[in-house]
Amino acid sequence: MFQIDRFGRVPIYEQIIEQTQRLIASGALKEGDQLPSVRVLSQELSVNPNTLQKAYSELERRGICVSAPGNGRFVTGGAARIVGESFLERLGEIKRISEELYVAGIPFEQVLEQINSAYGKGTKD
């Protein structure tokens with residue numbers, strides 16, 4: 001379910017948050033689904049339980065999951081909407097990066113080609 005890049009720039013707890021959000025956005029995790037326990041995930045990924053607790057606490061703070069004492073953590077009813085809204089906020093990042101690419105002289109067609117590739121639309125021939 002989760003893949004950790006130990007040598008990447010992104011802290012492990014942020015990777016867990018991001019991957020959980022992607023799983024929700026893709027529909028792989030739905031309302032009411034239980035998240036893996038900190039203990040199980042810690043052993044599976046060989047990650048400090050405190051790191052996972054930090055990620056789960058942040059997910060709870062955002063309203064994406066809720067803790068049921070003694071039963072674990074579950075995806076909330078509004079998780080898909082919350083995750084969708086957070087992804088929409090990233091459009092500002094795309095605009096900023098696009099402006100930087102424009103200033104650097106990168107052709108629009110190359111930028112569009114990358115976006116089409118990310119959306120699975122392939123490239124122009």
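The questions and answers below concern a predicted model, and they move from its salt bridges to its helix packing, its surface and its loops.

Reader: How many salt bridges does the count come to in this model?
Author: A pair is counted when a side-chain nitrogen of Lys or Arg lies within 4 Å of a carboxyl oxygen of Asp or Glu. R22 and E18 meet this rule, since their closest N and O atoms are 3.3 Å apart. By this rule the count comes to nine salt bridges.

Reader: In the salt bridge between E58 and R61, which class of accessibility, buried or exposed, applies to E58?
Author: The side chains of E58 and R61 meet at 2.7 Å, taken from N to O, and the two residues are three places apart in helix α3 (residues 49–61), so about one helical turn separates them. R61, at 61% relative accessibility, counts as exposed. E58 stands at 19%, and because buried means under 20% relative accessible area, E58 counts as buried.

Reader: What is the N to O distance in the salt bridge between E100 and R96?
Author: E100 and R96 both lie in helix α5, four residues apart, or about one turn of the helix. E100 is partly exposed with a relative accessible area of 46%, and R96 also counts as partly exposed, at 41%. The side chains of E100 and R96 meet in a salt bridge whose N to O distance is 2.9 Å.

Reader: Are α4 and α5 roughly parallel or roughly antiparallel to each other?
Author: The axes of α4 and of helix α5 (residues 91–103) come within 4 Å and cross at roughly 15°. Residues that meet across the pair are F87, L88 and E89 in α4 with L91, G92 and E93 in α5. Because angles under 35 degrees count as roughly parallel, the description of α4 and α5 is roughly parallel.

Reader: What accessible area do the residues of the nonpolar surface patch have together?
Author: F108, which is found in helix α6 (residues 108–118), is exposed with a relative accessible area of 58%. F108 forms this patch on the surface with L112, I115 and Y119. Together, these four residues have an accessible area of about 460 Å².

Reader: What distance separates the C-alpha atoms of A118 and G27?
Author: A118 has its place in helix α6 and, at 68% relative accessibility, counts as exposed. A118 and G27 are 91 residues apart along the chain, and the separation of their C-alpha atoms is 18 Å.

Reader: Which residues does T76 touch, not counting residues up to four places away in sequence?
Author: T76 lies in the loop between β2 (72–75) and α4 (79–89). T76 has a relative accessible area of 18% and is therefore buried. With residues up to four places away in sequence left out, T76 touches E31, G63, I64, C65 and V66.

Reader: What is the phi of S46?
Author: Most residues other than glycine have a negative phi. S46 is found in the loop between α2 (38–45) and α3, where it is exposed with a relative accessible area of 57%. S46 is not a glycine, although its phi is positive, at about 55°.

Reader: What distance separates the C-alpha atoms of S37 and F87?
Author: S37 has its place in the loop between α1 and α2 and is partly exposed, with a relative accessible area of 36%. S37 and F87 are 50 residues apart along the chain, and their C-alpha atoms are separated by 26 Å.

Terms used:
Residues are numbered from 1 along each chain as its sequence is written. This is a predicted model: local features need pLDDT of at least 70, side-chain atom pairs count only at pLDDT 80 or more; totals for chains, interfaces and linings use all residues. Side-chain values use heavy atoms; hydrogens and water are left out. Patches are made of residues with over 30% relative accessible area and no salt bridge: like charges are joined within 9 Å, nonpolar side chains (Val, Leu, Ile, Met, Phe, Trp, Tyr) within 5 Å. Accessible areas come from the Shrake-Rupley method with a 1.4 Å probe; for residues, only the protein chains shown count as cover. Buried means under 20% relative accessible area, exposed over 50%, partly exposed in between (1.4 Å probe, protein chains only). Contact means heavy atoms within 4.5 Å. Axes are lines fitted to C-alpha atoms, for helices over the stretch in contact, and angles run from 0 to 180 degrees between N-to-C directions. Angles under 35 degrees count as roughly parallel, over 145 as roughly antiparallel, 65 to 115 as roughly perpendicular and the rest as oblique.
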